[in-house]
Amino acid sequence: MYLRKNSASFAEEEQNELISLLPDLSQKTVLELASGIGRLTRHLSSRARHLTSIDFISHFVEKNRRDHAACLNVDWVCADVMHLELEKHSLDVVFFNWLLMYLEDSEMKVLMQKISDWLRPGGYLFFRESCALKTARGKKSDYYVTYRSLSDYDKLIQEHFVLIREGHIQAYVNHFADPFQCFWLGQKG
Ligand SMILES: C[S@@+](CC[C@H](N)C(=O)[O-])C[C@H]1O[C@@H](n2cnc3c(N)ncnc32)[C@H](O)[C@@H]1O
């Protein structure tokens, strides 16, 4: 079946796959970074005890808040993740879907250290990024995107976490023969 990347059925398949890759969220305090308009917020909210959902574009945050007003366990925050200050050991799971590709190498390293500090021992970090065979930088209209190699992210996550699992987003492989949508799941020791 041919599906467009923005079709509702493809989005549902991709979102269900992403959620299936996460550890059990029940009774967990979860942080969603770079949540955009909240494509994944309701999935996370319905599984977690509490969710904080963060993006730095205020109209995305407002749409997310409006569309998911029925999700009573969510706090929406408009903030740059690089300026976020949270209590040490206050989270069980940190999740993001497409964020590091918008950060410089130095920012990404700072963020990893912060996430490691925020997570409780045994807590999880899950992220998904668009990757490339060799690291390459591209210019979108008014910002840069870095498509890093898988080994860049392997190295990054293993500086702070035990690597539990990594792999491709199968929906992209099946529908678009794209093996470069990749995820990592790490656990804090
Ligand atoms: C491709 S979108 C992904 C949105 C959402 N995770 C999803 O899967 O639909 C990337 C998001 O990252 C957010 N973002 C990028 N850099 C950020 C930063 N430094 N702080 C907060 N949000 C950021 C953008 O505003 C945008 O909503």
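The following is a conversation about a predicted model and the reasons behind the words used for it.

Colleague: What makes β3 and β8 edge strands?

Modeller: The open sheet has 7 strands in the order β3-β2-β1-β4-β5-β9-β8, with mixed pairing. β3 (74-78) and β8 (162-168) each have a single partner strand, so one side of each is left without a neighbour in the sheet. On average, neighbouring strands of this sheet are turned by 15 degrees against each other, direction ignored.

Colleague: How do you know that β5 and β9 pair?

Modeller: Two strands pair if there are at least two bridges between them. Strand β5 (residues 119-130) and strand β9 (residues 181-187) are joined by 7 bridges, so they count as paired. The two run antiparallel. Within this pairing, F126 stands opposite L185 of β9, and S130 stands opposite Q181 of β9.

Colleague: What joins β8 to β9?

Modeller: There are 6 bridges between them, and the strands run antiparallel. R165 has L185 in β9 as its bridge partner.

Colleague: Which helix touches β5, β8 and β9?

Modeller: Helix α5 (residues 150-158) packs on the sheet there, and its direction makes about 15 degrees with that of β9.

Colleague: Why is β9 called mostly covered?

Modeller: A residue is buried if 20 or more other C-beta atoms lie within 10 Å of its own. In β9, 5 of the 7 residues are buried.

Colleague: In which sense do β2 and β3 pair, and over how many bridges?

Modeller: They pair in the parallel sense, over 5 bridges.

Colleague: What makes a β-α-β unit with β2 and β3?

Modeller: Helix α3 does, and the unit is right-handed. The term applies because the path from the first strand over the helix to the second runs clockwise with the strands pointing away from the viewer. Helix α3 (residues 58-67) packs on the sheet and touches β2 (50-55) and β3. Its direction makes about 165 degrees with that of β3.

Colleague: Why is C78 called partly exposed?

Modeller: C78 has 15 C-beta neighbours inside 10 Å. Buried needs 20 or more and exposed needs 12 or fewer, so a value in between is called partly exposed. C78 lies in strand β3. Leaving aside neighbours within four places in sequence, its contacts are D55, F56, S58 and V61. C78 and F56 are 22 residues apart in sequence, but 5.0 Å apart in space, C-alpha to C-alpha.

Colleague: How do you know whether A34 is buried or exposed?

Modeller: A34 has 21 C-beta neighbours inside 10 Å, so it counts as buried. The cut-off for that word is 20 or more. A34 sits in the loop between β1 (29-33) and α2 (41-47). Its phi is near 55 degrees, a positive value in a residue other than glycine.

Colleague: What is the phi of W98, and where does W98 lie?

Modeller: W98 has a positive phi of about 75 degrees, although it is not a glycine. W98 lies in the loop between β4 (91-97) and α4 (105-118). It is partly exposed, with 15 other C-beta atoms within 10 Å.

Colleague: Which residues are closest to the ligand?

Modeller: They are A34, G36, R39, F56 and N97, out of 16 residues that surround the ligand. The shell divides into 10 nonpolar, 3 polar and 3 charged residues.

How values were computed:
Residues numbered from 1 in each chain as written. Predicted model: local features only at pLDDT ≥ 70, side-chain atom pairs only at ≥ 80, totals over all residues. Helix = DSSP H or I, 4+ residues; strand = E, 2+ residues; numbered from the N terminus. Axes fitted to C-alpha atoms, helices over the stretch in contact; angles between N-to-C directions. Contact = placed C-beta atoms within 7 Å. Near = placed C-beta within 6 Å. Nonpolar A, V, L, I, M, F, W, Y, C, P; charged D, E, K, R; others polar.
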